[in-house]
Amino acid sequence: AEHCPFLVLQTQGETVAGKEMSVTVEFTNPLKQTLENVTLRLEGPGVLRTMKKEFRQIPMNSTLIWEVKCIPKLPGLRKLIASLNCDALRHVYGDLNVQIRKP
């Protein structure tokens, strides 16, 4: 059965306002073909500015990991949202709720 692919988001380091942390987006290509011209997008209001990264090719069964460093501005519960688009796969999403603590 084909399962819908998704993006896995994780944070590394302390999630404290004003301190650098990193966010990783992980994706495994489940198709029996190489994905071409892939665009990954990451947004997280209050945590990071919206970013995009292009990957020319993702071979079948291979996993990519994109790491982004950021400094969250405000404490509180924030949502990180990642999406992936290419011709063969549309609207692959992942999200993660992150509690940003006061410094």
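Tutor: Two strands count as paired if DSSP finds at least two bridges between them. Keep that in mind for the hairpin here. The model is predicted.

Student: Over how many bridges do strand β6 and strand β7 pair?
Tutor: Take β6 as residues 76–85 and β7 as residues 92–100. Two bridges would be enough for a pair. These strands run in the antiparallel sense, and the number of bridges is 9.

Student: Which residue stands opposite Leu77 in β7?
Tutor: Strands of a sheet pair through backbone hydrogen bonds, either parallel or antiparallel. β6 and β7 take the antiparallel sense. Across from Leu77, the residue in β7 is Gln99.

Student: Which residue in the hairpin of β6 and β7 takes a positive phi?
Tutor: Look between the strands, where the hairpin has 6 residues. One takes a phi near 55°. That residue is His91.

Student: What is the strand order in the open sheet of 4 strands?
Tutor: The pairing is antiparallel. The edge strands are β4 (48–58) and β7, each pairing on one side only. From one strand to the next, the twist averages 15°. Read across, the order is β4-β3-β6-β7.

Student: How many residues apart are Arg101 and Glu14?
Tutor: The two form a salt bridge, with the closest N and O atoms 3.7 Å apart. Arg101 sits in the segment after β7, while Glu14 sits in the loop between β1 (8–12) and β2 (21–28). The pair links distant parts of the chain, and the separation in residues is 87.

Student: Are Asp87 and Arg90 buried or exposed?
Tutor: They form a salt bridge, with the closest N and O atoms 3.6 Å apart. Asp87 has a relative accessible area of 68%. Arg90 has 52%. The cut-off is over 50%, so both residues are exposed.

Student: Which residues do salt bridges with shared partners join into one network?
Tutor: The whole structure holds 6 salt bridges. One of them pairs Arg101 with Glu14. The network joins Glu14, Arg101 and Lys19.

Student: How many disulfides does the structure hold?
Tutor: A disulfide is a covalent bond between the sulfur atoms of two cysteines. Cys70 is buried, with a relative accessible area of 7%. Cys86 is buried as well, at 4%. The number of disulfides is 0.

Student: Which residue lies over the face of Phe55?
Tutor: A search of the whole structure finds 0 aromatic pairs. A charge, however, sits over this ring, at 5.7 Å from the ring centre. The cut-off for that distance is within 6 Å. The residue over the face is Lys53.

Technical notes: Residues are numbered from 1 along each chain as its sequence is written. This is a predicted model: local features need pLDDT of at least 70, side-chain atom pairs count only at pLDDT 80 or more; totals for chains, interfaces and linings use all residues. Side-chain values use heavy atoms; hydrogens and water are left out. Rings of Phe, Tyr and Trp (its six-membered ring) pair if their centres lie within 6.5 Å; planes under 30 degrees apart count as stacked, over 60 as edge-to-face and the rest as tilted. A charge sits over a ring if NZ of Lys or CZ of Arg is within 6 Å of the ring centre and within 35 degrees of the ring normal. Helices (H or I, at least four residues) and strands (E, at least two) are DSSP runs, numbered from the N terminus. A disulfide is a pair of cysteine sulfur atoms within 2.5 Å. Buried means under 20% relative accessible area, exposed over 50%, partly exposed in between (1.4 Å probe, protein chains only). Axes are lines fitted to C-alpha atoms, for helices over the stretch in contact, and angles run from 0 to 180 degrees between N-to-C directions. A salt bridge is a side-chain nitrogen of Lys or Arg within 4 Å of a carboxyl oxygen of Asp or Glu.
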